[in-house]
Amino acid sequence: MQKRELVNEAIDTLKLNWRDGFTVPKNKLYPFQWNWDSGFTCLGHACFEPQWAMRELTSLFSGQWANGMIPHIIFHSETESTYFPNHDFWQAEVNPGAPPKPKTSGISQPPVHGFILEVLFNKFSDDPNWVAFVKAIFPKVLHSHRYFYTYRDPKSEGLAFLYHPWESGRDNSPIWDESIARIEIDKATLPPYTRKDTQLANQEERPTSDQYDRYVYLLELGKKHQYDGPGIFEESPMLVQDTLINAILIQSNQSLIRIGERLGLDTGELKEWQAQSTSAYREKLWNEDLATFTCYDLRSQAQIEHKEIGGLTALSAEVASADQAKKLNDYLQNLHDRGYYLCPSFDVDSPLFDSKRYWRGPIWPQMNWLIYRGLKAYGFQDTAEIVKNDLLELVSRLGFYEYFEAQKSVAAHLENGYGGGQFSWTSACVLDLLMVDG
Ligand code: DGY
């Protein structure tokens with residue numbers, strides 16, 4: 001596909017998924033508004049209908065809880081029935097600070113909205129409507145960061161924990177295998193449920209049924225503790241300081257600090273968090289033997305020793321030292337030399353690598369967008385171009401899918417990507433790369 005065709009198809013896809021106020025990631029498979037999806041989607045709106053970006057964020061923040069949390073799903077429709085777990089399963093009302101409407105889930109996702117807001121602000125800072133919008137939403141984004149520091153960092157380390165794989169955005173990554181294996185599944189006490197995703201996407205490209213049982217178990221655990229109670233920290237078998245959530249938090253803190261300074265807003269709290277988070281991230285999560293950043297398991301009190309894509313987001317957060325960044329760049333160059341598309345979501349040399357199953361190996365468009373910018377920030381222009389061009393090649397050959405095959409030799413025989421087609425963040429990231437950067 002030529003550039004013009006790609007641009008047109010990306011815009012058509014975003015229009016298709018627009019629901020008069022917010023964007024669904026993918027019709028039926030993800031029929032509501034998702035937290036980090038909506039952030040990336042704003043990049044696309046900004047290229048052809050900037051008002052939609054304001055409306056997208058306004059819709060998302062209409063689901064914010066009193067404790068600051070932006071839920072990972074906002075159920076703007078209560079009748080849509082193609083997704084599990086729906087609002088009636090989450091029962092967010094167990095927390096008195098959840099809004100009565102819109103209905104929401106009870107956990108969050110990587111807090112991308114601070115840095116997305118900065119991208120938008122940089123683009124539209126001459127427009128008084130945008131300046132007013134940024135000023136109005138700034139305290140809400142700040143409050144969503146306060147949620148992580150208040151409820152997810154009980155020892156005040158500067159690193160937020162997660163207790164559910166869905167919070168990480170990387171649902172079935174092998175990095176969670178050990179944590180969720182600690183859960184003892186008792187079918188008699190697990191609430192009955194029916195998955196919908198495997199009726200809409202290829203089963204082999206989605207998490208397994210055993211993993212879903214564990215996701216449901218952790219959802220119930222959160223619900224039991226009103227989704228923000230201290231019992232979560234005390235009881236959850238899964239308790240991890242995640243590379244991705246914390247890198248995104250750091251990246252968004254920094255964006256909010258820059259925005260706040262330009263607009264004369266108070267950034268004191270942000271600067272305190274930021275100083276602590278950056279040094280904790282660099283020291284606690286770096287693994288010299290693997291030459292990457294790793295998640296930290298608070299239950300076993302050890303790093304989760306795998307190379308995976310979360311560690312690479314230290315580049316976009318610019319939290320890696322120059323030496324650490326060089327090692328991450330070498331890792332990517334090596335994968336490229338060996339015939340992989342960049343950036344595989346999991347270690348291709350691990351027996352746990354699975355090039356088509358969701359977060360166990362495939363290429364994810366929004367991750368390429370982040371890592372491309374991170375590599376550029378450190379001056380690794382050549383690798384940055386590979387990361388960008390690999391994504392553009394995959395999309396133009398295989399379509400606007402949710403994720404893609406990582407092995408070039410395998411992808412050469414495919415006619416489509418994996419997961420859902422006509423995907424919103426794929427379209428948005430491609431649009432931004434082509435229209436802003438290319
Ligand atoms: C899903 O349903 O697959 C999502 O990743 C969870 O939000």
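Author: Happy to. Strand β2 (residues 73-75) runs antiparallel to β1, and two bridges join them. Keep in mind that this is a predicted model.

Reader: Which residue in β2 does Trp-34 stand opposite?

Author: Trp-34 stands opposite Ile-73 there.

Reader: And what is the strand order in that open sheet of three strands?

Author: The order is β1-β2-β3, and the pairing is antiparallel. β1 (33-34) and β3 (103-104) are at the edges with a single partner strand each, so one side of each has no neighbour in the sheet.

Reader: Thanks! Switching to the ligand: which residues are around it?

Author: Trp-34 turns up again here, together with Tyr-30, His-72, Tyr-83, Trp-166, Asp-171, Arg-206, Tyr-212 and Tyr-358. By type, that shell divides into six nonpolar residues, one polar and two charged.

Reader: What distances do you get from ligand oxygen atoms to the side chains of Asp-171, Arg-206 and Tyr-358?

Author: For Asp-171, an oxygen atom of the ligand is 2.5 Å from a side-chain N or O atom. The corresponding distance is 2.8 Å for Arg-206, and for Tyr-358 it is 2.9 Å.

Reader: Nice. How much of the ligand's accessible area does the protein cover?

Author: The protein covers 95% of the 230 Å² that the ligand has on its own. The space the ligand takes is the largest cavity.

Reader: How many bridges pair β8 with β9?

Author: Two bridges, in the antiparallel sense, with β8 covering residues 296-297. Tyr-296 has Gln-303 in β9 as its bridge partner.

Reader: Last topic, the backbone. Where are the cis peptide bonds?

Author: One runs from Phe-84 to Pro-85, with omega near 0 degrees. Pro-85 is in the loop between β2 and α4 (87-90). Another joins Leu-342 and Cys-343, where omega is about 0 degrees. You'll find Cys-343 in the loop between α15 (322-337) and α16 (365-377).

Reader: And what is phi of Gln-226?

Author: Phi is near 55 degrees for Gln-226, a positive value in a residue other than glycine. Look for Gln-226 in the loop between α10 (209-224) and α11 (231-235).

Note on methods: Residues numbered from 1 in each chain as written. Predicted model: local features only at pLDDT ≥ 70, side-chain atom pairs only at ≥ 80, totals over all residues. Heavy atoms only, no water. Pairing = 2+ DSSP bridges. Helix = DSSP H or I, 4+ residues; strand = E, 2+ residues; numbered from the N terminus. Near = heavy atom within 4 Å. Polar contact = N/O pair within 3.5 Å; in protein donor to acceptor, adjacent residues only side chain to side chain. Areas by Shrake-Rupley, 256 points an atom, 1.4 Å probe, with all protein chains shown as cover. 1 Å grid on protein atoms, 1.4 Å probe; cavity = no way out; pocket = protein on both sides within 12 Å on 5 of 7 lines; lining within 4 Å. Sits in = over half its atoms within 2 Å of the grid points. Nonpolar A, V, L, I, M, F, W, Y, C, P; charged D, E, K, R; others polar.
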